[in-house]
Amino acid sequence: MAKLPSIQELVQSSLPRFPGATLEGTGWMRTKPAFTPGSYCYPAKLDTMKGLGMPNPHEWAPENEDWNLPQGWEKIIYKALEDRLKKYRSLQLFMDICVRCGACADKCHFFLGTGDPKNMPVLRAELLRSVYRKDFTLAGKLLGKVGGSRALDPEIIKEWFAYFYQCTECRRCSLFCPYGIDTAEITMIARELLHEVGLGIHWIMDPVSNCNRTGNHLGIQPHAFKEIVEFLCEDIEAVTGINITPPFNEKGHEVLFITPSGDVFAEPGIFTFMGYLMLFHEIGLDYTLSTYASEGGNFGLFTSSEMMKKINAKMYAEAERLGSKWILGGECGHMWRVIHQYMDTMNGPTPKHMTTPVSPITGTVFSHAASTKMVHIAEFTADLIKHDKLNLKPERNDDKIVTFHDSCNPARAMGLLEEPREVLRAVCNNFVEMPENTIREQTFCCGSGSGLNTDEIMELRMRAGLPRGNALRYVQQKNGVNTMACICAIDRATLPPLADYWAPGVTVTGLHELVANALVMKGEMPRTMDLRQEDLEYPDDVPEDDDNGDAQGEE
């Protein structure tokens, strides 16, 4: 990973640099992308593409002049675009109705962080729209470049790769579009077209391959998954004195719990997973984990609609195998966008035995999940708190001044805005909002979603993270914020380096890590540590008998 520029250098170099607009000059149609180390994601491995049955797999490298495109690649792209225009009415609309008003232009974190005009959503979409216009509209065929159309050539393919992988599909631009154009779906289609000619990136295709083989993106084998969870239970016991033995692959439980595999693999996600286990133990939830559907995230969203459908289906196949009535899902982003926006039309009805989720603790019917049979852990816990079902001690989190990052997909794709805040206010005494135009529906992306959370583009990630980093830095300096909570596994992986760069000293946490810190469990020993086994600033009172007993034992 190359050395990052200073904040001052990065901000200075992010100022917009607009090329000349004349056809004879260096307008955007003639400005080629530059592939320099650190500016692009590594290509997918040949064996991975072959193993997944992806079309036209071949060796290539972004920095090479010749990308070894398959013979007849122009017809492949043309046919693939034609097929998708017929299949998705929305794509046809998105191609036709944009008036290039520019309402979306300054809403993209990549444009704000790079200053590159082609990262304005309106112009990024134009990279595809101009080709569509040439081959699929009469005006484009007659007027050519004057009408804003372009004929396909290898440089356009390179341009697509450069810029459609500088989009995290966060959909913030769509929020401001007066016509409701979903630029994220344009990015999704463009990536599908690139896959048709064998062009994919390692950090997306490898997780997809792992999920196909082992049931999760990280390639964790079933026995290893179980062992990792058991190690986390040992850590819980060290903090609370309570032994938890979660069930695995057991049939007949009411609830199947599925969360992103990142939550069982690395910090800080593991502390969130420990929080889930502690909560379920405390309320006596009738649930099971699966070592086969051990992934809630769906990298198929960044690959193709067919791959998205396949990965989504495995969760419901496992619920059917185990006889679970409904699914409780962990803190994830793209997992929930797929569930709420695409599942009904992609996968159809859920298994017949599954029912509309009902909380066995409060009796609340989650009627909005009648179709998906799936409830987000944040709304489940918020309901428990609303009905006073948890004994909470928020002062255990008093060393933290907490702000909340609305993860793009739960916020904009689900409308999950109030529930996480209700939970945070119940488990933390010190909660601060970031500026109004950077949260809730208008939240800024972490800058590394949609498969871009890879180290080789760290500078690009920090540039894309400028708006979120700036908002975090603001509340750090104004309010002393030292903790940022979120409800997305990718965020838990990508926000720590962003915080270290833009607001050093801020720690990133999942929502349920904070819940678990505050949760007073029946039979627990006095807490002196949080889940990270760091000393509590205000530890629980230790009974005098225990002190005396320890002293007598030492004598």
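# Rings and strands: a quick chat

Colleague: Where does the charged end of lysine 107 sit?

Modeller: Over the ring of phenylalanine 176, 4.9 Å from its centre. The rule there is NZ of Lys or CZ of Arg within 6 Å of the ring centre and within 35 degrees of the ring normal. Bear in mind that this is a predicted model, where local features need pLDDT of at least 70 and side-chain atom pairs count only at pLDDT 80 or more, while totals for chains, interfaces and linings use all residues. Residues are numbered from 1 along each chain as its sequence is written, and side-chain values use heavy atoms, with hydrogens and water left out.

Colleague: How many aromatic pairs does the count come to?

Modeller: 16. Rings of Phe, Tyr and Trp (its six-membered ring) pair if their centres lie within 6.5 Å; planes under 30 degrees apart are stacked, over 60 edge-to-face, and the rest tilted.

Colleague: Why is the pair of tyrosine 132 and phenylalanine 136 stacked?

Modeller: Because their planes are at 10 degrees, with the ring centres 5.9 Å apart. Tyrosine 132 and phenylalanine 136 are 4 residues apart in helix α6 (residues 121–136), so about one helical turn separates them. Helices (H or I, at least four residues) and strands (E, at least two) are DSSP runs, numbered from the N terminus.

Colleague: Is tyrosine 132 buried or exposed?

Modeller: Buried, at 3% relative accessibility, whereas phenylalanine 136 is partly exposed at 23%. Buried is under 20% relative accessible area, exposed over 50%, partly exposed in between (1.4 Å probe, protein chains only).

Colleague: What about phenylalanine 257 and phenylalanine 280?

Modeller: They form an edge-to-face pair, 4.9 Å centre to centre with 75 degrees between the planes. Phenylalanine 257 is in strand β1 and phenylalanine 280 in helix α13 (residues 269–283), 23 residues apart.

Colleague: Switching to the sheet, what order do the strands have?

Modeller: β2-β1-β3-β4, an open sheet of 4 strands with parallel pairing. Strands pair if DSSP finds at least two bridges between them. β2 (287–289) and β4 are the edge strands.

Colleague: How many bridges join β1 to β3?

Modeller: 4. Leucine 256 stands opposite isoleucine 327 in β3, and phenylalanine 257 has leucine 328 as its bridge partner there.

Colleague: Which residues of β3 are buried on each side?

Modeller: Trp326 and Leu328 on one side, Ile327 and Gly329 on the other. In a regular strand the side chains alternate between the two faces of the sheet.
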